[in-house]
Amino acid sequence: MKIAPLGGPLITKTTVTAAILTVLMAGLILYRFVFGLGAVTNLNNGYPFGLWIVYDLVIGTAFACGGYGMALLVYVLNKGEYHALVRPALLASMFGYTLGGVSVIFDIGRWWNAWHIITPGWANPTSVMFEVGACITLYCLVMWIEFTPAFLEKWAPPKSRKALGKVMYVFIALGVLLPTMHQSSLGTLLVPFGFRLHPLWQTHLLPPLFLISALCMGYAMVVFEATLVSKAYRRPSEADLLARLSKYISGLLVAYLALRWGGLAVEGKLALAFDSGGLSTMFLFENLLFALPILLLSSDKGRRNPQTLFIAAVCMLLAGSLYRLDAFLLATDRPGWHYFPAIGEILVSVGIVAVEVLAYVVFVKMLPVLEVADEGGPVLHTVKRADLAATTQE
Amino acid sequence: MNDDSLTAIETKLGLSRRSFMQFCTAMAATMGLPKGADAEIAQAIASPHRPPVIWLHFQECTGCTESLLRADHPTLDALILDVISLDYHETLFAAAGHQAEAARKASMAANKGKYVLIVEGAIPVKDGGIYCKIGGQTALDMVKECAAGAAAVIAIGSCAAWGGMPSTGPNPTGSTGVPEIIKDKPVVTIPGCPASPYNLLSTVVHFLTFGKLPELDEKGRPKFAYSRLIHENCERRAHFDAGRFAQEFGDEGHRKGFCLYKLGCKGPETYANCPSILFGDVGSGSWPVGTGHPCIGCSEQGIGFTKPIHALAEPKYILPPVSYPRIVEEQGQGVSVASAAVVAGIAGAALGAGVVMGRNLGKDKDDKSTGKD
């Protein structure tokens, strides 16, 4: 039982498809850089945030909270048995965040000034945008450092790994702190929307709701990915681990719903949940998607069934995405303004997913990311603390 | 300064102490003087010593004197007449004829090297200066005579500063400004048609307080008043930058107070502090551009009275932007069939993949459960 590269051919149907979509995206981005946002997107002054911010950044980084969630679980709550899930989760988070961060540059009108965001003297440290921008940039860097052992194991002498191992705890700590900051700040970003955001979403609890739902989405992504990967590469299922993990997820979902509804009750807005027309439907659908996984994962049988787990994970991913989509676009009141993503915008977002898939596949095949079974032996996920220490040293 | 001297000011100038101190502070601020200068100014003005001033009029309309007298600042006329000793001023003199000329000569002799000479109006030099005479003496001769014994020479108005309107071609009398004639001592020029009375007042008060002239530029203009283009501080500047121009008098842009550049405003090539201190003490908007007329560049040689009023100015260094933001903002359109189809396609594919994936997982589990143990 060890972490090792999976190996296998790099040119497959999946990678070729992803590569084509990536090239398409690169062309569109180049076109956008030369001819401006208007040439590719449907953005306007009423809708300066469109698909690229809402999907690539806000939803994308929440999807990429798997690494954050696993680090929280393994290193902060000291649940060493989940260690096998850390590195793949970290890898996905690393790509999710890096591409989310890069997509901000696509979305900035004068993209050549993007470095101003985090440069002292140019940056505006009183802005919540600065908090999000600086924090995400820093977190991307931290994740690449956290992932460095995988590169070192492949290419560098063991000595270098030891040196890095000594300071790694700093980056792991930052890797937990930074997402806590910016995932909640993404909620704070909506506070300045004021009355333009429907009161069902404009609540005092925006930051904790964004944070908790991001964690839910992160864990859901870990489950989703683990299921997908074990299926795609015909690896032994990590169902045992996932079953235990899903207990924590249920707890988070309950906390989210309690805050969501409790907050509305305290602010006296419960009636709005039912008499806001189309937005009520969106709100209830959103909450249904948050509630459904609790039901699915309530029994031990459900938690151990990969199919149920998969459905629950998809529900959570959809729930968090819909919450963000509603809060950033659909539940905002901008009289006279219209927005629907242009084909170019959609293709760029699709391209970003393609890059993530492509890079993930290449990385797991070439670098030690996933646990592989020793020849013939069954995979047992009863890793003890001592084993964890050993794998960290490896 | 003590209470006694302030009380003396009250009686001497008919000003309350508060108004007096406000005036001194305003003077200091106009000239951009450091903190504490207001107190020095107060001291200088309050002192019983009044510097004699000789004020000459030549080829001009008396507009500078008129605007100075009509400055609405509390009893400004009283201040300027009581603080300085105006020994000769053709418009304000009670005396006339040879009596007046005698007073001038007497004052010049008595205060040689101490009096301030203020010149208003251009000086004709053609044919020996015979086109402007006072008491039989040519303007040319008179200004030379008076400047010889003056402590400071101030040329007020565009006419005295550089020739102004009388010097505009064909200029049959050969009108020129004072600096062209008085070469042996610095001449402060305060151009404008009329010049802002506060620029003159500030210069005089500076001289009174510090015993020297304020810092001047290469054309002899006090830097505190003439170092910036009108365009720099113009209240309509934002419209220029945004590309909102009045195209003709009375059009929509003109009524809305847009930039007057396209109506020939000379603000972009004229140096003066009009937009900062305004004119005539009647509140905001009380200067040409504020009232909706383009600046004619009256204070600038080669522009005022030379360039046609409605000819386009040549911006000195503040240029219009290369492109302007759109006036009509596109508000975006709703869903297009194509993009909706793409979204639907992606959603459908994702759904399909999800369902297949879920089914396979179910199958997998069955395989496993059968194969297990």
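pLDDT is the predictor's confidence in each residue, on a scale from 0 to 100. This is a predicted model, in which local features need pLDDT of at least 70 and side-chain atom pairs count only at pLDDT 80 or more, while totals for chains, interfaces and linings use all residues. Residues are numbered from 1 along each chain as its sequence is written, and chains are lettered from A and ligands numbered from 1 in the order in which they are written.

In chain B the mean pLDDT is 85, and 90% of the residues reach 70 or more. Residues 365-373 of chain B have a pLDDT below 50, and this stretch has three contacts in the model beyond near neighbours in sequence; two residues are in contact if their C-beta atoms, placed from the backbone, lie within 7 Å. Where pLDDT is low, the predicted coordinates should not be read in detail. For the model, ipTM is 0.74 and pTM is 0.61.

Chain A has 14 helices and two strands. Helices (H or I, at least four residues) and strands (E, at least two) are DSSP runs, numbered from the N terminus. Of the 394 residues in chain A, 46% are buried, a term for residues with 20 or more other C-beta atoms within 10 Å of their own; exposed means 12 or fewer, and partly exposed lies in between, with C-beta atoms placed from the backbone.

Chain B contains an open sheet of five strands with parallel pairing, in the order β2-β1-β3-β7-β9. Two strands pair if DSSP finds at least two bridges between them. The edge strands of chain B, β2 (85-89) and β9 (187-190), each pair on one side only. Strand β1 (residues 52-57) of chain B runs parallel to β2(B) and is joined to β2(B) by four bridges. Val53(B) has Leu86(B) in β2(B) as its bridge partner. Helix α6 (residues 97-110) of chain B packs on the sheet and touches β1 and β2 of chain B, its direction making about 135 degrees with that of β2(B). Axes are lines fitted to C-alpha atoms, for helices over the stretch in contact, and angles run from 0 to 180 degrees between N-to-C directions.

Next comes a single residue. Pro179(B) lies in helix α9 (residues 178-181) of chain B. Pro179(B) counts as partly exposed because 19 other C-beta atoms lie within 10 Å. Leaving aside neighbours within four places in sequence, Pro179(B) is in contact with Ala155(B), Val187(B), Thr189(B) and Gly220(B). Pro179(B) and Lys219(B) are 40 residues apart in sequence and 8.7 Å apart in space, C-alpha to C-alpha.
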